[in-house]
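Dear colleague,

I am handing over the structure below, together with an account of what was found in it. Please look through the model first and then read on.

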Amino acid sequence: FLDRIDLILNQSKRPFYILLLSDHGYREMEGIGFGRSAYSNLFAIYSSSMPVASFPASISNVNVFRIFLNECYQLQLPLLADSTFRLNF
């Protein structure tokens with residue numbers, strides 16, 4: 001995975017974005033209960049050509065791409081209500 005990132009960073013000839021987004025956090029972290037770690041998503045964004053808007057710490061995945069597309073491509077997608085659901089099996 002990191003070798004692909006290095007390739008993009010070193011060889012791209014045009015502006016690009018790198019976005020890392022997980023759908024859930026690590027579920028078996030020692031010493032941390034399921035509830036806290038399971039909802040700690042991974043999120044990182046990089047732009048080779050412009051500063052990226054700061055994202056609120058409380059944002060859920062439902063709005064990440066909306067903010068990203070609004071900022072980078074001057075769209076006007078409305079934000080949705082942030083929410084989290086837990087399924088018990």
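Residues are numbered from 1 along each chain as its sequence is written, and side-chain values use heavy atoms, with hydrogens and water left out.

The chain holds three helices and two strands, where helices (H or I, at least four residues) and strands (E, at least two) are DSSP runs numbered from the N terminus. Read from the N terminus, the order of these elements is α-β-α-β-α. The mean pLDDT, which is the predictor's confidence in each residue on a scale from 0 to 100, is 78 for the chain, and 73% of the residues reach 70 or more. Where pLDDT is low, the predicted coordinates should not be read in detail.

Of the 89 residues in the chain, 19% count as buried, a word that means under 20% relative accessible area, whereas exposed means over 50% and partly exposed in between (1.4 Å probe, protein chains only). Taking contact to mean heavy atoms within 4.5 Å, 35% of the contacts between residues at least 6 apart in sequence join residues at least 24 apart.

Beyond its neighbours within four places in sequence, Cys72 is in contact with Tyr17 and Met50.

Five aromatic pairs were found in a search of the whole structure; rings of Phe, Tyr and Trp (its six-membered ring) pair if their centres lie within 6.5 Å, and planes under 30 degrees apart count as stacked, over 60 as edge-to-face and the rest as tilted. One of these pairs is edge-to-face and joins Phe65 with Phe68, with 6.4 Å from centre to centre and 90 degrees between the planes. The two residues are separated by about one helical turn, because they are three residues apart in helix H3 (residues 61–73). Phe65 is partly exposed, at 42% relative accessibility, whereas Phe68 is buried, at 9%. Phe68 also pairs with Tyr73, their ring centres being 6.4 Å apart and their planes at 80 degrees, so this pair is edge-to-face too. Tyr73 is itself partly exposed, with a relative accessible area of 45%, and one aromatic cluster takes in Tyr17, Phe65, Phe68 and Tyr73.

Not counting residues up to four places away in sequence, Ser47 touches Phe16, Tyr17 and Val52, and its side chain reaches the backbone nitrogen of Ser49 at 3.2 Å. Phe43 also has its place in strand E2, but counts as partly exposed, at 32% relative accessibility. Although Phe43 and Leu20 are 23 residues apart in sequence, they are 5.4 Å apart in space, C-alpha to C-alpha. Leaving aside neighbours within four places in sequence, Phe43 is in contact with Leu19, Leu20, Leu21, Phe55 and Val64.

Technical notes: Polar contact = N/O pair within 3.5 Å; in protein donor to acceptor, adjacent residues only side chain to side chain.
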